[in-house]
Amino acid sequence: RVGALEARARRYLDGDQDADDPAMLAQALLAVERVDTAFEVTRNALLDDLDDEDLLVTHARAARARGDLDEAISALHMASYEAPDYAEIWRLLAITYEERGQPDRARESAERGVIAAPGDRDLHRLLERLESLGETLVAL
């Protein structure tokens, strides 16, 4: 399966861009831990399609998996302009800001996610956790 995915990615990167949806291909590559190839697919696809929020989110996931938090944050901000009500963007942005050591930005992103998707329990738990971390830091 991994070999077939890599072959599909190579075909896509070699110019056969009608063969696969790049976001779906990159998600499949991420699922089998082919992070660099997934990143390459999304980066290449974004050259032609900067307003596809699914592609931007997948690119952010690949960048985050590579440890490139700045690239992930940039892609998520671009995605948020395209789809401000897409809760997954705000969840990933909050987690990525937290990983980057920016708890205030993480909380702000989680708050935006809760506004975008008030029924999303995972976002509420994330926001509660981030708020409690902030209270702990203030108490120290």
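The model is predicted, so local features need pLDDT of at least 70 and side-chain atom pairs count only at pLDDT 80 or more, while totals for chains, interfaces and linings use all residues. Residues are numbered from 1 along each chain as its sequence is written, and side-chain values use heavy atoms, with hydrogens and water left out. The chain has eight helices and zero strands, where helices (H or I, at least four residues) and strands (E, at least two) are DSSP runs numbered from the N terminus.

**Overall form**

- Along its principal axes, the C-alpha trace of the chain spans about 55 × 25 × 25 Å.
- Of the 140 residues in the chain, 43% are buried, a term that means under 20% relative accessible area with a 1.4 Å probe and protein chains only, as against exposed at over 50% and partly exposed in between.
- Among contacts in the chain between residues at least 6 apart in sequence, 48% join residues at least 24 apart, a contact being heavy atoms within 4.5 Å.

**The nonpolar core**

- The largest nonpolar core has 45 residues, and those with the most contacts inside it are L25, L29, V41, L76 and L126; such a core is a set of buried Ala, Val, Leu, Ile, Met, Phe, Trp, Tyr and Cys residues joined through side-chain atoms within 4.5 Å.
- At least two residues of this core are supplied by each of α1 (2-13), α2 (22-31), α3 (35-46), α4 (53-65), α5, α6 (87-99), α7 (103-116) and α8 (121-139), and the largest share, eight residues, comes from α6.
- Leaving aside its neighbours within four places in sequence, L126 is in contact with R91, A94, I95 and A110.

**Helix α2**

- Helix α2 is mostly covered, with seven of its ten residues buried, namely P22, A23, L25, A26, A28, L29 and L30.
- The cover over the buried residues of α2 includes α1, α3 and α4.
- Just after α2, E33 takes a positive phi of about 60 degrees.

**Residue S80**

- S80 has its place in helix α5 (residues 69-82), and S80 counts as buried because its relative accessibility is 7%.
- A polar atom of the S80 side chain lies 2.7 Å from the backbone oxygen of H77.
- Not counting residues up to four places away in sequence, S80 touches I89 and W90.

Notes:
Polar contact = N/O pair within 3.5 Å; in protein donor to acceptor, adjacent residues only side chain to side chain.
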